[in-house]
Structures are given as C-alpha cells and as structure tokens.
Amino acid sequence: MTTSEVGSPVEAVDRALLTLQALARAGARGLTLADLASSLDLNKTTVHRALGALRFRGFVTQDPATGAYVLGPASTQLADDFLSDENLPALLHPALVALCAAVDELVHLGVLSGSEVVYLDKVEPERPLRVWSAIGRRSPAVTTALGRALLAYGGADGPVLEAYVRAAGDRSSRDARATAALLARVRERGFATEEQENETGISCVAVPLLRAGTPIAAVSITAPAERMTPERIDALQEQLRGTLPALLPAGITLP
C-alpha cells in the first residue's frame with residue numbers, strides 16, 4: 001500500500017501509520033530515511049516530518065551509528081498495554097464462553113503472579129459443579145494445570161523452578177527435578193493437567209496463550225475427576241485447540 005492509493009481521510013496520520021508498519025516489518029535492522037521514502041513511495045521530506053512526530057512521542061528511535069530508524073518503546077508498549085492483565089478478561093471472555101458451551105464444563109482464565117496463579121475470569125456451565133473457584137483466587141503455580149502450562153512455556157528451570165516449588169510448600173508433592181520432568185512433558189504434549197491436587201474430586205486440563213512464543217495467560221477446563229479419563233482429557237485438549245484460536249486477539253496463539 002502507498003499513499004497513491006485512495007482511502008485515508010487524514011494523509012499525515014496515514015503516512016505516520018505506514019511508516020510504523022514499514023519499520024515493524026524491518027525489525028531490529030531498521031530502515032534509513034532513503035529506504036523508508038523509497039518503500040513508501042514518498043519524498044524524503046514528507047517521511048522525515050512523519051518520523052519527527054513519531055520520535056517525539058517515542059514511537060520511533062534512530063540508531064546514531066547507522067542512521068537507521070527502528071520502532072521505539074512506545075510502539076511495543078501499545079500491545080503490552082492492550083494485553084495487560086487488566087484487559088485480558090474482557091478480551092478473552094467471549095472465547096471462554098464459547099469453550100464452556102462446547103464442553104459444558106467450568107472454564108478458567110489465569111495468569112502468573114509471583115509464584116502463584118491468579119484466576120482472572122471464569123465461566124460456569126449450566127450443570128452444577130461443586131468446586132471452590134472465584135475470580136481473584138490464588139493457587140501455587142506448580143500445583144495447577146494453569147500454572148504448569150504457563151511455567152512450561154515460560155522457561156522456568158533450575159533455581160527459578162526450585163523457588164516455585166518451595167513457595168508451594170506442602171501443597172506440592174514433587175521436588176524441583178520431578179517438576180521439571182513434568183513441565184517437559186507439558187511441552188511435549190502442548191497442554192497441562194492436574195488431578196485432584198488442589199481439591200479432592202476435581203481435575204483440570206489447560207493450555208497456555210502465547211504472544212511471540214511467551215505465555216501471557218492460560219485457559220483451563222475443570223471437571224469432576226471421574227469424568228476426566230485419559231480419553232476425555234484428549235478430547236478436551238482438542239476442543240481447546242479447536243475453539244480458542246479463532247476467538248483470540250490478533251497475535252495470541254496456542255502452542
């Protein structure tokens with residue numbers, strides 16, 4: 001797309017947005033003023049004015065050694081703010097509702113907070129399920145399917161993983177080595193499970209939500225342990241993969 005194409009009601013804003021898109025595609029190597037002008041089919045003076053406004057607000061920076069322009073911290077902060085813990089429940093609630101309707105089980109959304117998982121949202125099925133669950137509830141990350149999904153893809157190992165295990169105290173029956181093996185299994189399968197480790201009679205299966213390969217949250221399905229046979233767990237993780245992707249915000253994926 002170039003400015004010769006019809007569509008933008010405010011040309012100056014459009015040029016700035018096109019500049020940001022070009023720099024995003026260029027990545028860390030950036031683009032010089034001449035390269036930007038050429039790629040956007042604009043004269044250098046016009047592009048330089050757009051860059052000046054973007055630099056003023058921190059959306060673009062310039063490498064003093066090469067003169068190349070790259071995206072600044074304000075650009076990447078936009079996505080971070082949009083996908084913050086405060087916004088995730090509203091952004092992902094429709095996906096949770098659809099998943100709950102598809103499996104007729106309790107669905108949770110959780111994120112890591114220190115050594116714990118915090119439950120940000122939940123959608124309950126029509127059939128009753130007796131489980132202690134509340135938005136804002138915290139549980140040790142290493143003992144929950146949500147936490148294991150997040151830790152497995154978050155690079156937790158060595159001393160860091162030992163700290164998670166210590167924080168769980170008596171709630172965890174595994175040492176750091178056994179927990180590391182469990183997380184490796186999660187990465188192999190692409191989903192995590194938990195069987196009656198937080199509440200008697202209740203089991204869960206969970207998948208992480210990834211942004212650029214880094215977990216930002218996880219979604220779980222919770223059901224009575226008697227219903228969570230190996231066959232049902234396989235069916236539920238397939239349902240997670242079948243239902244969620246089309247309803248996730250752009251840039252958020254499953255493993």
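Buried means under 20% relative accessible area, exposed over 50% and partly exposed in between, with a 1.4 Å probe and protein chains only. I keep to that wording in these notes.

**Model and confidence**

I am working from a predicted model, in which local features need pLDDT of at least 70 and side-chain atom pairs count only at pLDDT 80 or more, while totals for chains, interfaces and linings use all residues. Residues are numbered from 1 along each chain as its sequence is written, and side-chain values use heavy atoms, with hydrogens and water left out.

I looked up pLDDT, the predictor's confidence in each residue from 0 to 100. The chain has a mean of 88, and 95% of its residues reach 70 or more. For elements I took DSSP runs numbered from the N terminus: helices are H or I of at least four residues, strands E of at least two. Helix α4 (residues 73–82) has the lowest mean pLDDT among the elements, 80, and helix α9 (residues 230–243) the highest, 96. Residues 1–6 fall below 50, and beyond near neighbours in sequence this stretch has ten contacts in the model. Contact means heavy atoms within 4.5 Å.

**Thr222**

I found Thr222 in strand β8 (residues 214–224). Thr222 counts as buried because its relative accessibility is 3%. Its side chain makes a polar contact of 3.4 Å with the side chain of His108. A polar contact is a pair of N or O atoms within 3.5 Å; within protein, one must be able to donate a hydrogen and the other to accept it, and residues adjacent in sequence count only if both atoms are side-chain atoms.

**α1 against α3**

I checked the axes, which are lines fitted to C-alpha atoms, for helices over the stretch in contact, with angles from 0 to 180 degrees between N-to-C directions. Helix α1 (residues 11–26) and helix α3 (residues 44–56) have axes that come within 9 Å and cross at roughly 80 degrees. The two are therefore roughly perpendicular, the term for 65 to 115 degrees; under 35 is roughly parallel, over 145 roughly antiparallel, and the rest oblique. From α1, Arg15, Ala16, Thr19, Leu20 and Leu23 meet Thr46, Ala50, Leu51 and Leu54 of α3. By class this contact has six nonpolar, two polar and one charged residues. Ala, Val, Leu, Ile, Met, Phe, Trp, Tyr, Cys and Pro count as nonpolar, Asp, Glu, Lys and Arg as charged, and the others, Gly among them, as polar.

I then followed Leu20 of α1. Leu20 is buried, at 18% relative accessibility. Leaving out residues up to four places away in sequence, Leu20 touches Leu54, Phe59, Val60, Leu71 and Ser75.

**α7 against α8**

I repeated the check for helix α7 (residues 158–168) and helix α8 (residues 176–189), whose axes come within 9 Å and cross at roughly 110 degrees. That makes α7 roughly perpendicular to α8. Leu161, Glu162 and Val165 of α7 meet Ala176, Thr179, Ala180 and Leu183 of α8.

**α6 and positive phi**

I noted that helix α6 (residues 145–153) is mostly covered, with nine of its nine residues buried. Just after α6, Gly155 has a positive phi of about 80 degrees.

Most residues other than glycine have a negative phi. I found Asp104 with phi near 55 degrees, in the loop between α5 (88–103) and β3 (106–113). Asp104 is partly exposed, at 30% relative accessible area. Gln196 also has phi near 55 degrees and lies in the loop between β6 (192–195) and β7 (202–211). Gln196 is partly exposed, at 39%.
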